[in-house]
Amino acid sequence: MKIKEIIVVEGKDDTAAIKRALDADTIETNGSAINGVTIEKIKLAHKTRGVIVFTDPDFPGQKIRNTITNEVPGCKHAFIEKADALHKHGRGVGVEHASPEMIRQALKDAQVMQETYEETITQEDLVTAGLIGGEGAKERREKLGRLLKIGYTNGKQLHKRLMMFQISQKDFAEAIEAIRKEEQNA
């Protein structure tokens, strides 16, 4: 499997994991403080081949993702669940710990975040669905992020992420229904 786009990762270990999973080129950010040279490389890659941002499911990874989204709009984003990115001995979380199958699936599911978006899901919908505040909200957001393939976010960022990926009311409702059924069967 060859990926046309260039994949933006955090470091050398992530590049090695990507190359174990498929044939792809990467740009490494070397941490969350992305410098201007790296941003320029990402801009050029986006213009010529396209870019998929694939960072770790943690705070520094989200910081990198946000910086790239602000500096280079229109990139695709791939997400991996924290549970799928844990070191086998519990020492750290990152793309480099994910299986080749999980990496291929995340890249296959990569989506473009929209800069301008129509609000199809409101804050009130999120509260009604039990995704903000209250018991179990964090777990529901984790499940929602996995089902919709948009990654995990905190309560404040969820609405923005749903809008950026233009998640439809129908897809949102179906995911919430699946979460409710899972909770009832637990």
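Axes are lines fitted to C-alpha atoms, for helices over the stretch in contact, and their angles run from 0 to 180 degrees between N-to-C directions. The model examined here is predicted, so local features need pLDDT of at least 70 and side-chain atom pairs count only at pLDDT 80 or more, while totals for chains, interfaces and linings use all residues. Residues are numbered from 1 along each chain as its sequence is written, and side-chain values use heavy atoms, with hydrogens and water left out.

Helices (H or I, at least four residues) and strands (E, at least two) are DSSP runs, numbered from the N terminus. The axes of helix H1 (residues 12-21) and helix H4 (residues 100-108) come within 8 Å and cross at roughly 90 degrees. H1 is therefore roughly perpendicular to H4 (the term covers 65 to 115 degrees). On the H1 side, the contact (heavy atoms within 4.5 Å) is made by Ala-17, Ile-18, Arg-20 and Ala-21, and H4 contributes Pro-100, Ile-103, Arg-104 and Leu-107. By class, this contact holds six nonpolar, no polar and two charged residues (Ala, Val, Leu, Ile, Met, Phe, Trp, Tyr, Cys and Pro count as nonpolar, Asp, Glu, Lys and Arg as charged, and the others, Gly among them, as polar).

We turn next to helix H6. This helix (residues 137-148) has twelve residues and reaches 16 Å from its first C-alpha to its last, close to the 16 Å expected at 1.5 Å a residue (1.5 Å times one less than the number of residues). Its buried residues (under 20% relative accessible area, 1.4 Å probe, protein chains only) are Ala-137, Arg-140, Arg-141, Lys-143, Leu-144, Gly-145 and Leu-148. These pack against strand E5 (111-112), helix H7 (155-164) and helix H8 (169-185). Just after H6, Lys-149 adopts a positive phi of about 60 degrees.

Gly-130 sits in the loop between helix H5 (123-128) and H6, and is buried, with a relative accessible area of 15%. Neighbours within four places in sequence aside, Gly-130 is in contact with Ala-137 and Arg-140. The C-alpha atoms of Gly-130 and Arg-140 are 7.5 Å apart, across ten residues in sequence.

Finally, a search of the whole structure finds one aromatic pair (ring centres within 6.5 Å). The rings of Phe-79 and Phe-165 have centres 5.9 Å apart and planes at 75 degrees, so the pair is edge-to-face (planes over 60 degrees apart). Phe-79 lies in the loop between strand E4 (76-77) and H4, and Phe-165 in the loop between H7 and H8, so the pair ties together parts that are 86 residues apart in sequence. Both phenylalanines, Phe-79 and Phe-165, are buried.

Definitions and conventions:
Buried < 20%, exposed > 50% of the residue type's maximum accessible area, 1.4 Å probe, protein only. Parallel < 35°, antiparallel > 145°, perpendicular 65-115°, else oblique. Phe/Tyr/Trp six-rings, centres within 6.5 Å; stacked < 30°, edge-to-face > 60°.
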